[in-house]
Amino acid sequence: MGVKKAITGAQAAAEAMRQINPDVVVAYPITPQTPIVEQFAEYVADGIVDTEMVPVESEHSAMSATVGAEAAGARAMSATSSQGLALMWEIVAATPGLRLPIVMSLVNRALSAPINIHCDHSDVMGVTTVGWIQIFSENAQEVYENLLLAIRVAEDPRVQLPAMVNQDGFITSHAVEPVEIFDDALVRKFVGVRSLDRALLDVEHPKSVGPLVLPDYYFEFKRAQEEAMSKVFEVYREVGTELSAITGKQYPFFETYRTDDAEAVVVVLNSAAGTAKAAVDAMRAQGKKVGMLKPILFRPFPYAEIRDALKDAPVIGVLDRSMDFGAYAPVYTEFRNALWELDKRPAMQSYIYGLGGRDIMTTEIEAVFEELLSGKVDPEHQRYIGLRG
Amino acid sequence: MPTLQEIALKTSGADARIVSGHRMCSGCSIGPLIKTVLAASDKPVIVLSATGCLEVVTTIYPFTAWNTPWMHVTFENAASVAAGVEAAYKALKRRGRIEGDVNILAVGGDGGTYDIGFQALSGALERRHKFMYLVYDNEGYMNTGNQRSGATPFGASTTTVPAGKVSFGKPQWRKNLVEIVAAHRIPYVGQAAVHNTLDLYKKAQKGFNADGPTVLAVLQPCTTNWSFDPALTMLYSKLAVETNFWPLYEVENGVVHINTKPSNRKPIEDFLKGQTRFRHLFKPGNEHVIAEMQTMIDDEWARLLKIEESGIQF
């Protein structure tokens with residue numbers, strides 16, 4: 001049993017970082033990620049952690065210095081949002097190829113333009129192709145636990161890839177919730193210490209990291225990266241089992257909520273999953289068989305497990321908090337792909353919601369369920385929830 | 001201070017920090033430059049390279065010429081990567097996970113320093129990470145075939161600002177990097193030239209040993225894109241100093257000291273002649289460009305002398 005604290009999602013991330021006590025934290029402030037960095041800076045200022053904290057001059061340098069620290073042998077962490085992620089994109093994309101298991105919080109925020117500081121997933125959906133492990137969190141509790149989990153998954157010798165732990169800007173990052181913080185000593189034992197095997201600071205064994213690789217070898221590097229990504233599933237399960245021993249919880253690739261006999265299922269990431277659960281309960285109370293699936297591990301994407309979980313669902317609505325202009329929305333695309341192999345494919349509908357922080361209500365998700373149950377779906381055209389007429 | 005022979009011994013053989021087998025152009029001055037700088041460290045050195053000639057020619061996978069820990073990430077972030085390495089070094093040392101001391105060296109060309117890496121450099125200097133930043137300045141994007149940079153001199157023809165019927169090449173003067181970095185109030189900045197090994201070595205030593213961030217700017221004549229006879233690399237470096245085009249000086253704890261004062265400074269034409277990038281300046285109608293260049297060099301030199309004489313701290 002842990003101790004319950006009333007904290008925000010940002011503070012929950014900082015709590016995880018306090019317990020991890022990384023060697024190095026590098027960050028640049030950006031709304032709504034800033035309270036993570038501020039909270040952690042207080043821990044540094046009060047000597048609660050002995051991390052070397054580097055407050056840099058931009059997100060590009062934030063990820064660059066995090067990469068430098070991690071390559072040097074440190075366990076290094078960072079955090080960002082939206083424009084910050086966009087600015088550091090070049091280095092974010094370089095990190096998996098360097099096989100550096102950096103763990104970073106991403107507080108999801110809409111990408112400019114127009115400028116907007118509120119939640120959507122357009123930031124993360126722009127980096128899902130570059131090779132980071134992507135983990136999503138419904139609430140502050142999950143933010144905390146996912147960060148602990150991510151450290152171990154990323155650093156596993158079979159993986160050695162960076163991981164991003166997502167939480168919704170403001171909705172999760174700034175809302176106070178009760179969060180159960182587990183025993184410091186147990187958590188520290190769980191996260192352990194990063195191996196110095198590949199460290200640049202091991203000067204007795206000089207290594208050249210990040211060389212120029214031409215067409216004769218580049219392809220093999222990328223193939224090896226994919227191989228490492230495919231190992232994440234088994235490692236995630238193993239590490240999840242270990243973390244369960246502390247928390248008593250399970251760490252599945254995704255969460256299903258009342259889907260067993262569901263005649264319609266809604267798929268939704270992060271905080272809106274909580275709203276969807278309330279909508280499911282309201283519908284169930286009316287005798288309507290509906291359920292929800294919340295992806296947690298989004299990269300690598302667990303296609304087979306998703307397919308198995310949804311094989312009996314007659315109709316599925318996928319709610320995306322970002323768009324891929326001129327193409328199917330990102331989460332919808334993955335679910336279409338996952339379900340293609342089924343003998344009896346479900347009807348599907350894509351919905352866009354909540355861009356730029358627009359609220360989504362339980363009544364709106366209930367309306368989605370009604371639409372799905374009515375059979376009036378059009379898999380070729382996405383629909384918009386809560387958009388001005 | 002070691003002799004030239006002693007430095008030569010430190011820069012060659014299997015124990016050298018960078019070894020033969022790299023792919024530098026014949027006559028390239030990066031080799032002697034980086035060897036001399038690395039030899040000046042009395043501790044193990046971790047090198048962080050920006051994208052550029054040095055990175056490309058020393059590491060094409062599966063080979064490496066580096067016999068010391070080395071890393072490259074991208075073009076504009078060598079200073080930020082070095083900052084991260086320094087942070088890791090401090091943290092791991094404090095936690096008793098590593099022993100011994102190291103020097104941290106970030107290296108970039110002028111493109112990766114004056115231009116795209118400028119913000120990262122300024123940030124790292126301001127935060128006072130203990131590392132040395134070495135810029136090998138070949139006055140343009142030479143790795144990719146002579147494009148204009150903030151270090152390209154007035155009048156030079158580059159592929160992005162070529163000389164033409166209505167253009168004499170670059171119409172702007174170059175950035176004064178040494179003064180800009182000195183304005184960060186860092187403990188040491190040196191401007192050196194590759195032909196003067198002892199001066200370069202001494203400055204590298206000061207840079208490594210100072211308490212805080214330091215910058216070493218070294219002119220790196222490029223045989224390929226300045227287009228001169230590869231046998232003349234050291235001569236062009238020497239001419240750059242003898243014409244006051246590239247004065248050898250340093251700013252130590254804010255105080256300027258000029259290391260070499262040519263008794264009879266040579267006319268700038270002596271440096272320009274034989275370089276393809278300046279060939280057009282010797283055509284009729286462009287005399288004014290050379291004249292203007294000479295005036296600027298003389299004015300800059302006079303200004304530098306005044307700063308030195310004044311003793312005023314940067």
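View 1. With 16 C-beta neighbours inside 10 Å, Arg128(B) counts as partly exposed, a term used when the number of other C-beta atoms within 10 Å lies between the limits for buried (20 or more) and exposed (12 or fewer), the C-beta atoms being placed from the backbone. This is a predicted model, in which local features need pLDDT of at least 70 and side-chain atom pairs count only at pLDDT 80 or more, whereas totals for chains, interfaces and linings use all residues. Residues are numbered from 1 along each chain as its sequence is written, while chains are lettered from A and ligands numbered from 1 in the order in which they are written. Arg128(B) sits in the loop between H6 and S4 of chain B, where helices (H or I, at least four residues) and strands (E, at least two) are DSSP runs numbered from the N terminus. Its phi is near 60°, a positive value in a residue other than glycine.

**View 2. Arg258(A), a loop residue of chain A with positive phi.** Arg258(A) is found in the loop between S10 and S11 of chain A, and its phi is near 55°, although the residue is not glycine. Because it has 16 C-beta neighbours inside 10 Å, Arg258(A) counts as partly exposed.

**View 3. Two cis peptide bonds in chain A.** The bond from Ser112(A) to Ala113(A) is cis, with omega near -5°, and Ala113(A) belongs to the loop between strand S5 (103-108) and strand S6 (133-136) of chain A. A cis peptide bond also joins Arg299(A) and Pro300(A), with omega about -5°; Pro300(A) lies in the loop between strand S13 (297-299) and H11 of chain A.

**View 4. Helices H6(A) and H7(A) packed together.** Helix H6 (residues 140-155) and helix H7 (residues 184-191) of chain A pack at an angle of about 25°, with their axes 9 Å apart; axes are lines fitted to C-alpha atoms, for helices over the stretch in contact, and angles run from 0 to 180 degrees between N-to-C directions. The two helices H6(A) and H7(A) are therefore roughly parallel to each other, since angles under 35 degrees count as roughly parallel, over 145 as roughly antiparallel, 65 to 115 as roughly perpendicular and the rest as oblique. Leu148(A), Ile151(A) and Arg152(A) of H6(A) meet Val187(A), Phe190(A) and Val191(A) of H7(A), with two residues taken to be in contact if their C-beta atoms, placed from the backbone, lie within 7 Å. By class, this contact has five nonpolar, no polar and one charged residues; Ala, Val, Leu, Ile, Met, Phe, Trp, Tyr, Cys and Pro count as nonpolar, Asp, Glu, Lys and Arg as charged, and the others, Gly among them, as polar.

**View 5. Where chain B touches chain A.** The contact takes 40 residues from chain B and 40 residues from chain A. On the chain B side, H4(B) gives the most, with 13 residues, and by class this side has 24 nonpolar, eleven polar and five charged residues.

View 6. Nine strands form an open sheet with mixed pairing, in the order S9(A)-S2(B)-S1(B)-S3(B)-S4(B)-S8(B)-S7(B)-S9(B)-S10(B); two strands pair if DSSP finds at least two bridges between them. S9 of chain A and strand S10 (255-258) of chain B stand at the edges, each with a single partner strand, so one side of each is left without a neighbour in the sheet. Helix H2 (residues 30-39) of chain B packs on the sheet and touches S1, S4 and S8 of chain B, its direction making about 165° with that of S4(B). Strand S9 (residues 208-209) of chain A pairs with S2(B) in the parallel sense over two bridges, and the partner of Ser208(A) in S2(B) is Trp70(B). Strand S4 (residues 132-137) and strand S8 (residues 214-219) of chain B also pair in the parallel sense, over six bridges, with Val215(B) in S8(B) as the bridge partner of Tyr133(B).

**View 7. Helix H12(A) and its buried residues.** In helix H12 (residues 330-339) of chain A, the buried residues are Pro330(A), Val331(A), Tyr332(A), Glu334(A) and Phe335(A). What covers them includes S11, helix H11 (303-309), S14 and S15 of chain A.
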